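Here are some notes for a colleague who is meeting this structure for the first time. Please keep the sequence and the model open while reading the numbered points.

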There are 2 protein chains.
Amino acid sequence: MTKYCDFTKAQLESELAALQSRYGEFCAKNLKLDMSRGKPCTQQLDLSLALNDCHNYVSDGFDVRNYGLLDGIPACKKLFAELLGVGEQNIIIGPNSSLTLMFDYISQCFTHGAGSTPWCKLPKVKFLCPVPGYDRHFTILEYFGIEMINVPMTQSGPDMAAVEEYVKDSAVQGMFCVPKYSNPQGITYSDSVVRKIAALKPAAADFRVIWDNAYIVHDLADEPDALLNIFDVLPEYGNEDMVVEVCSTSKITFPGAGVSAIAASANNIAMIKKRLGAQTISYDKMNQQRHAEFFKNAAAVKQHMKKHAAIIKPKFDIVATRLEKELGTLGIAEWSVPNGGYFISLDVMPGTAGQVGRLCKEAGVVLTSVGATFPYGKDPDDKNIRIAPTYPPEAELAAAAEILCIAVRIAACEKLLENAK
Amino acid sequence: MTKYCDFTKAQLESELAALQSRYGEFCAKNLKLDMSRGKPCTQQLDLSLALNDCHNYVSDGFDVRNYGLLDGIPACKKLFAELLGVGEQNIIIGPNSSLTLMFDYISQCFTHGAGSTPWCKLPKVKFLCPVPGYDRHFTILEYFGIEMINVPMTQSGPDMAAVEEYVKDSAVQGMFCVPKYSNPQGITYSDSVVRKIAALKPAAADFRVIWDNAYIVHDLADEPDALLNIFDVLPEYGNEDMVVEVCSTSKITFPGAGVSAIAASANNIAMIKKRLGAQTISYDKMNQQRHAEFFKNAAAVKQHMKKHAAIIKPKFDIVATRLEKELGTLGIAEWSVPNGGYFISLDVMPGTAGQVGRLCKEAGVVLTSVGATFPYGKDPDDKNIRIAPTYPPEAELAAAAEILCIAVRIAACEKLLENAK
């Protein structure tokens, strides 16, 4: 098939008419399809039901029902230490969401600093945000009035030349990273990028990288990506305190009722514990015990994730196949086929993502708000769309993907015709 | 028996020798007894074991295992609304600890204000602390560098004349209250005090009362105390936004794994939700569902609390009986016999509480750190001791109470002899 950019005006008009006819047929069906959020589907949730049959209340001699053990039960710390490849003394078990750990850590930096001056006392605080990225990171930063700076993603991670330049500004206090199967592109940072991050010498003394390892075991491909453990290389650069890592079982067991963990240096752990000791007596240790008992070790977690992959890989395939079939040769879109994670990132013709979102909505397909993958909800090129294929049943997903492709093509035709005026 | 103050020097010396002999016998036993924290005992924890057999995952049509429902599941909001006597729209369900709700709310006020200026931007923030009070309230305030002002407790609540005077200072931004069965004295605020609090006209525009209703259903007596619902009277004074109430099931079901709730005005709920939307996707809704299913309504919660009372009332009686027997006529101590809550507050001879704590420790009895019931850990009269009778088995508690009484008497004799020099 010819690329759209090589179409004549008449060809574009004819193409648009045909697409609008297909689009109209879908609209007439009054569908209600949702590809907006990275939510596990019901079958995935059912994989962990046996977790609720774990009824052992004594863990390492401690009654987990009662007060105490501020930083988590030993068995759960051990499990996360193994998963993250750090020492148990570098782990704090968190609440049901790593998002809360990140919010609370930024809040702590804001009120008490990451090591020296509280950020609320600084004239200006800026953060680097690899884009496209995770909207909820941006929401946290915006809540605290932290200025966000877009850093372009490359196929191997954030553009490190840009990062190295930006960190010369002492107002730049940190960076958010999703280093494995990044949200939304599914990119895993290369060893070289991880090393360059570990080696940063920022002007801000207390620069912090929030290492959101949300998809640490969320492989889809038979040959999954491997991420260099940044804590293994930080000491080479004397930067042990620069990275704070979080992860959770939200997409391993239950999104509403998982267990999260934070991994950090001794200094950072001590500062976090100081705050934590004022904030709680401990997080939910019964849930920690359920998770420790259900999984026992990291190998069991990885086995469990294969069951998830068996359910959701076909869904990714449905979307990827449809994208390839509809858009493969038109020269109007690019997308990722990730080896893991929860999303497919679709870049449509610049200036048309908003229109694609509107067309989808009118046809009953809810996408992640267009622009959400950028700070302040503003995609400067109006081109990125995050597709979340895990939640809808396969038949619905197939229909939603087809409508999306039609919308992408309609918006491109419209744009090209407009440009041809 | 004669009061110690009427003893001659020789009588005091003889009394001290006899007490030291009794004390020595206990020391020789190498006991290890703990009356330090308000922890439920194992039998109390067992009362709620069936909560873990609640395996219904769909609540009001919503799969509680997945993301969503930021402010809690409807069934749980309904339960807490009934318990607290407010509308469901005034409830947000929190994490496993109301302490976290209080910390997070103060943190929110610090970074974003309670309505206008963020407290971190103010030159000085002060808080009123009824004393003796709950050490963890003081820890939160100290973490944020908020200056604490002691307000004496009376038998009907905080000294309101003092409060009314203090709130004329615009730096005074709030007050912590445990209005029912106060920690540690077990005092329930009178209707008149509740009304005076509701009627406050503080100089600070965004003055906030943190109404920590920790012992709302924690009755011990057959005729329990009744607390006026402050939300019923706040509108009379146009002060709907002044009070933020919290409670939890920590001492109803499981201290490590309960559910907490916050009750507040529409304005405050909106501000809290704004922060919450950046901090989490929702708290643990599976645990909310377990609690909603286990209890169903407020009446069931109150029935459940009678089972708790049956276990712990005899423990309170053991301590009260021992205190009366050993100290009743000596004129050296006063204490509360509360109708509910978790503590007995003991005031020993001024200047001797620290020595009592040391003597207890040497004899193997751990008390709440002496001074902990005051801001900065400083009891100006060195006289208050918080006794937590719920956790130890009855035999241990009896021994601990006896040792405590001996220590109180020894310290008093020593003091009187020292004064007689």
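1. A word on terms is needed before the helices are discussed: a helix here is a DSSP run of H or I with at least four residues, and helices are numbered from the N terminus. The model is a predicted one, which should be kept in mind throughout.

2. With that definition, helix α3 of chain A spans residues 74-84, and α3(A) is followed by Gly85(A), whose phi is positive, near 70 degrees.

3. Within α3(A), the buried residues are Cys76(A), Lys77(A), Leu79(A), Phe80(A), Ala81(A), Leu83(A) and Leu84(A). Their cover includes, from chain A, the strands β4 (91-93), β10 (243-248) and β11 (260-263), together with the helices α10 (285-295) and α11 (298-327).

4. Turning to chain B, there is an open sheet of three strands, arranged in the order β12-β13-β15 with antiparallel pairing. Its edges are β12 (334-335) and β15 (384-387) of chain B, each of which pairs on one side only.

5. Strand β13 of chain B, residues 344-347, is joined to β15(B) by four bridges in the antiparallel sense, and Leu346(B) stands opposite Ile385(B) of β15(B). Across β12, β13 and β15 of chain B lies helix α11 (residues 298-327) of that chain, running at about 20 degrees to β13(B).

6. How are the two copies related? Chain A is superposed on chain B by a rotation of 180 degrees with 0.0 Å of shift along its axis, at an RMSD of 0.1 Å; the two copies are thus related as by a two-fold rotation axis. The same surface serves both copies, since 100% of the contact residues of chain A recur in chain B.

Key. Residues numbered from 1 in each chain as written. Chains lettered and ligands numbered in written order. Predicted model: local features only at pLDDT ≥ 70, side-chain atom pairs only at ≥ 80, totals over all residues. Heavy atoms only, no water. Least-squares fit on C-alpha atoms with pLDDT ≥ 70 in both. Contact = heavy atoms within 4.5 Å. Buried < 20%, exposed > 50% of the residue type's maximum accessible area, 1.4 Å probe, protein only. Helix = DSSP H or I, 4+ residues; strand = E, 2+ residues; numbered from the N terminus. Pairing = 2+ DSSP bridges. Axes fitted to C-alpha atoms, helices over the stretch in contact; angles between N-to-C directions.
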